[in-house]
Amino acid sequence: MPPAWQGLTRDLTGIESMDQCRHTLEQHNWNIEAAVQDRLNEQEGVPSVFNPPPSRPLQVNTADHRIYSYGLLGWGYYLIMLPFRFTYYTILDIFRFALRFIRPDPRSRVTDPVGDIVSFMHSFEEKYGRAHPVFYQGTYSQALNDAKRELRFLLVYLHGDDHQDSDEFCRNTLCAPEVISLINTRMLFWACSTNKPEGYRVSQALRENTYPFLAMIMLKDRRMTVVGRLEGLIQPDDLINQLTFIIDANQTYLVSERLEREERNQTQVLRQQQDEAYLASLRADQEKERKKREERERKRRKEEEVKQQKLAEERRRQNLQEEKERKLECLPPEPSPDDPESVKIIFKLPNDSRVERRFHFSQSLTVIHDFLFSLKESPEKFQIEANFPRRVLPCIPSEEWPNPPTLQEAGLSHTEVLFVQDLTDE
């Protein structure tokens, strides 16, 4: 195969690998048009013609159809021969059923349906030329699926290779320009020889009486139905008239089905929009509920935090009060006024109140601090300052004063005024 063909196939199909391009063309017997069409069908979501047929192919209703012929002679011949044909085909079916157990018909085993279609197309073009209706390049089941999905008429042609009228029909009728134009613009066209397993399988389903045989299939009452059968040799003008009549007589079913599909689609879209609106409303409600839960949880945590703070504050105050009482109980007794070793101290508290008490010169400054700490009016944290000279008395053990000095060591006189500085907020 020339590299230019491979490059053209790669450009048209979008396949990057040359090996895959070659494999695709070999599947289609080097028919670029068929390969490109099948590749585009796959991209549109239509199964490839080389995929296995569906496990449950579409069933075709063959009971609801009309026998379209032409002329009173044809109708009379058909009615006269109808009882004989019924008897003949009943006996033939019984004979074939019995013969199937003795010598199965090799055509009943369909192993390569696409190969059967491609083989018939090649033989048709070799014999009658390339001017013909566009053949559907796929299996019969896929043609039915496409006709159903696209709401189009499907014209099925079964070719009898050994019938005397097949050659004239194909050469003069089927390949006529006006017939080609009608078929290509108004319907899908599927054809196969009954000598091929795929054509034989379709023949068994449609039950033709003679050749050439044409069947018009469409979606009617939600079933793929044969709405017209054309059997025997027919001229181009008569074929066009019969096909046009079939189309016009059944077009309303496709229009009705198309309207029903549009209505179903609109209903589906409306339901989807309603579902989306419901989900959006549900999400909004869930978001509101989530925010409410978060707000309730935030308030609960805040209340719990405030409660814990109150409890902690109560415990702190209780501990402080217990500490004050303990300090008060541990204070040494107050010296008498006539004790020469006593010191009279006047304390000025931060709230401008005054407290007076006597201490012994030999007592530590810690006793002064414990006395002030036990007072209800004193702050929780404070320091004691003297004015002359101005200094802070080391009443609490520190690095500089591990053991606070006594009143005498601190240089206090018999009468002192000390100031209590509030350090609670520091």
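Which strands does helix H11 lie across?

1. Helix H11 (residues 365-374) lies across strand E7 (342-348), E8, E9 and strand E11 (415-422). With E9, H11 makes an angle of about 125° (axes are lines fitted to C-alpha atoms, for helices over the stretch in contact, and angles run from 0 to 180 degrees between N-to-C directions; contact means heavy atoms within 4.5 Å). Helices (H or I, at least four residues) and strands (E, at least two) are DSSP runs, numbered from the N terminus.

2. A word on the model: it is predicted, so local features need pLDDT of at least 70 and side-chain atom pairs pLDDT 80 or more, while totals for chains, interfaces and linings use all residues. Residues are numbered from 1 along each chain as its sequence is written, and side-chain values use heavy atoms, with hydrogens and water left out.

3. Now look at the open sheet, where five strands follow the order E8-E7-E11-E9-E10 with mixed pairing (two strands pair if DSSP finds at least two bridges between them). Strands E8 (354-360) and E10 (391-392) are at the edges, each with a single partner strand, so one side of each has no neighbour in the sheet. E9 (residues 382-386) runs antiparallel to E10, joined by two bridges, and Glu385 is opposite Val392 in E10.
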